[in-house]
Each structure stands twice: as structure tokens, then as C-alpha cells.
Amino acid sequence: MSDATPEPRSVLITGGNRGIGRSIAEEFLRRGDKVAVTSRSGHGGPEGSLTVAADVTDGESLEVAIRAAEEAHGPIEVLIANAGITDDQLLLRMSDDAFESVLDTNLTGTFRTVKRVIKSMIRKKKGRIVLISSVVGLYGSPGQVNYAASKSGLVGFARALTRELGSRGITANVVAPGYIDTEMTQSLPEDLQATYLKAIPAGRFADAEEVARVVAFVAGDDAAYISGAVIPVDGGLGMGH
Ligand code: NDP
């Protein structure tokens with residue numbers, strides 16, 4: 001298995017200004033790729049990356065951002081669809097808006113982004129698409145009907161895409177992190193954090209870098225024959241699901 005990227009590739013990471021997305025951006029930069037990240041403000045990507053402003057719920061802003069990334073680095077060869085939100089509430093109390101906005105960002109946002117970058121991948125007969133899902137997508141979690149539905153939707157998405165484009169040198173995979181130490185999880189109540197910790201066979205939470213290294217592997221040449229897969233990075237939390 002080689003660590004080095006033979007040719008620098010044009011990599012796009014949605015939500016690359018903080019958390020897991022930022023760590024993924026740093027990992028691709030470390031491997032020598034040309035990295036563009038999106039953030040809603042248009043600022044905040046790691047040094048060495050190009051940060052472009054995009055909201056994945058807004059196709060126009062995505063179009064402008066991806067065009068800027070392509071002008072700087074060439075057609076997108078690796079897409080990491082990472083942008084995501086939670087809006088937790090038990091189902092009986094969940095508003096339509098809370099359901100729809102989570103789906104719109106996590107699932108439809110991925111659809112908009114993948115659809116925009118896929119044409120040039122088809123033309124080149126080469127591409128890597130990695131969708132950042134969650135252990136919650138297959139394992140479930142109370143208070144997260146919207147989030148779990150959006151994240152399991154990504155599994156069907158990647159598998160359908162694999163069947164559409166598998167013969168064109170394009171892979172589409174899902175990476176499903178467990179409990180990763182970022183702003184998203186730091187905002188959970190302490191007692192809930194303690195409950196999760198007890199359920200994780202590894203006995204610890206993970207750093208975002210541990211997800212980033214797996215994503216970089218799945219997007220690399222060594223993973224050319226992996227497609228439609230769900231790769232857990234969860235310390236065993238969701239095993240069997
Ligand atoms: P953070 O909350 O730290 O970061 C979320 C990122 O998504 C930010 O860069 C944010 O951009 C971006 N984002 C949110 N909404 C939009 C939008 N509408 N358009 C564009 N960008 C948007 O989250 P994490 O780093 O923890 O999570 C990253 C991904 O990993 C998510 O998909 C999440 O569901 C998934 N995940 C996280 C786990 C964890 O334990 N942390 C576990 C499993 C999965 P901005 O700064 O502009 O708001």
C-alpha cells in the first residue's frame with residue numbers, strides 16, 4: 001500500500017472549514033493533492049487549500065463554488081461529500097422543518113454536489129466519490145429520525161451510483177464515522193456522551209484525523225476495487241449493521 005499520491009488530483013470537500021471535513025482536507029494536502037473546500041462563509045479552510053463559499057442547499061451557490069475550484073485546480077477528480085447537520089428531537093415533537101432541513105442538507109445537498117461533479121468524471125473515466133454518513137444511519141439513535149434517514153439514504157445513493165457508474169472507473173463509497181470529537185458532538189449533554197462511551201467497544205471517542213486517513217485511503221488508487229461499500233470508523237459501535 002502506498003502513501004504517496006502519484007499525480008496531484010483536484011479534490012473537493014464540502015464543509016472543509018472545520019471538524020471532520022477540515023481534517024480530511026489536511027490529509028489530502030499532506031498527500032500532495034490540490035484541495036478546494038467549501039464553507040458557507042467562504043473562509044476557514046486549512047492553509048494550502050482554496051476555500052469557496054457554498055451552501056449545499058442552494059444549487060446556484062454550489063455551481064459558482066465548484067466552477068471556481070475547477071478554474072483553480074481542474075475538473076474535480078475526488079469528491080468528499082461531508083457537509084452535514086443535526087437537528088435532534090423525538091419524532092412526536094419533530095417539526096416538518098427540522099425533518100426537511102436535515103434531509104435537504106445531508107441527502108439532497110449530496111445529490112446536488114455529486115450531480116454537478118459527475119460529468120467530468122464520466123468524461124475522464126475516473127473518479128472517486130466518498131459520502132460521509134454516520135453509524136446512526138444503520139444503527140439508529142433516539143431523537144435522530146431525520147438524521148438517521150438522511151445518513152442511511154446515502155448508502156442507497158452510493159450503491160445506486162456504483163451500479164450506474166461502476167464500469168466507468170468511478171467508485172462511490174460511504175464512510176460511516178462513529179463518535180468523533182468535533183463541535184457537533186461536543187454540543188451533546190455530558191450524560192449522553194457518557195452513555196455513548198460505554199457502548200463503544202474501543203472504549204474511547206476518535207479524533208477526526210482517524211476518519212480522514214480512512215477517507216484518503218478509499219479515495220486512493222489502492223481502493224480502486226472498493227465501491228458501494230460502507231466503511232465504518234466507529235471503534236466497533238455499529239458492528240453487524
Ligand atoms: P461540524 O458541525 O463540526 O461541521 C459541519 C460542516 O458542515 C461545517 O463545515 C459546515 O459549514 C458544513 N455545513 C453544514 N451545513 C451546510 C450547508 N447547508 N452547506 C454547506 N456546508 C454546510 O460537523 P462534523 O465535522 O462533526 O461532521 C462532518 C460530517 O460528519 C457530517 O456530515 C456529520 O453528519 C458526519 N458525522 C459526524 C460525526 C461526529 O461524531 N462528529 C459522526 C458521524 C458522522 P459551516 O462552517 O459553513 O457551517
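These are my notebook entries on a predicted model.

**Ground rules.** I number residues from 1 along each chain as its sequence is written. Because the model is predicted, I take local features only at pLDDT of at least 70 and side-chain atom pairs only at pLDDT 80 or more, while totals for chains, interfaces and linings use all residues.

I use DSSP runs numbered from the N terminus, with helices as H or I of at least four residues and strands as E of at least two.

**Gly-84.** Gly-84 sits in the loop between strand S4 (78-81) and H3. Is Gly-84 buried or exposed? Gly-84 is buried, because 26 C-beta neighbours lie inside 10 Å. The cut-offs are 20 or more other C-beta atoms within 10 Å for buried, 12 or fewer for exposed, and partly exposed in between, with C-beta atoms placed from the backbone. Gly-84 touches Gly-15, Thr-105, Asn-106 and Ile-132, leaving out residues up to four places away in sequence. Contact means C-beta atoms, placed from the backbone, within 7 Å. Gly-21 is 63 residues from Gly-84 along the chain, and their C-alpha atoms are 9.9 Å apart.

**Nonpolar core.** I noted 57 residues in the largest nonpolar core. Such a core is a set of buried Ala, Val, Leu, Ile, Met, Phe, Trp, Tyr and Cys residues joined through C-beta atoms within 7 Å. Leu-12, Ile-80, Leu-131, Val-175 and Val-215 have the most contacts inside this core. Helix H5 (residues 145-165) gives the most to this core, namely six residues. For Ile-80 I listed contacts with Ile-13, Ile-24, Val-130, Ile-132 and Val-215, again without residues up to four places away in sequence.

**Helix H5.** I checked the span of H5: its 21 residues reach 30 Å from first C-alpha to last, close to the 30 Å expected at 1.5 Å a residue. The expected span is 1.5 Å times one less than the number of residues. Its buried residues include Tyr-147, Ser-150, Lys-151, Leu-154 and Phe-157. The buried residues of H5 pack against H3, S5, helix H4 (135-139) and strand S6 (170-177).

**Thr-113.** I found Thr-113 in helix H3. Thr-113 counts as buried because it has 27 C-beta neighbours inside 10 Å. Its contacts, beyond residues up to four places away in sequence, are Thr-14, Val-56, Leu-62, Leu-79 and Ala-81. Leu-62 is 51 residues away in sequence, with a C-alpha to C-alpha distance of 7.1 Å.

**Lys-125.** The loop between helix H3 (96-124) and strand S5 (127-132) holds Lys-125. I noted a positive phi of about 55 degrees for Lys-125, which is not a glycine. Most residues other than glycine have a negative phi. Lys-125 is exposed because 11 other C-beta atoms lie within 10 Å.

**Ala-219.** I placed Ala-219 in the loop between helix H8 (208-218) and strand S7 (230-233). Ala-219 is buried, since 28 other C-beta atoms lie within 10 Å. Ala-219 touches Val-78, Arg-128 and Val-130, residues up to four places away in sequence not being counted.

**Record.** I looked up UniProt, where an unreviewed entry places the feature "domain: Ketoreductase" at residues 9-183. UniProt positions follow the numbering used here, feature names are shortened, and annotations may be inferred rather than shown by experiment. Over residues 9-183 I noted 47% helix and 18% strand, with the end C-alpha atoms 29 Å apart.

Notes: Two residues are in contact if their C-beta atoms, placed from the backbone, lie within 7 Å.
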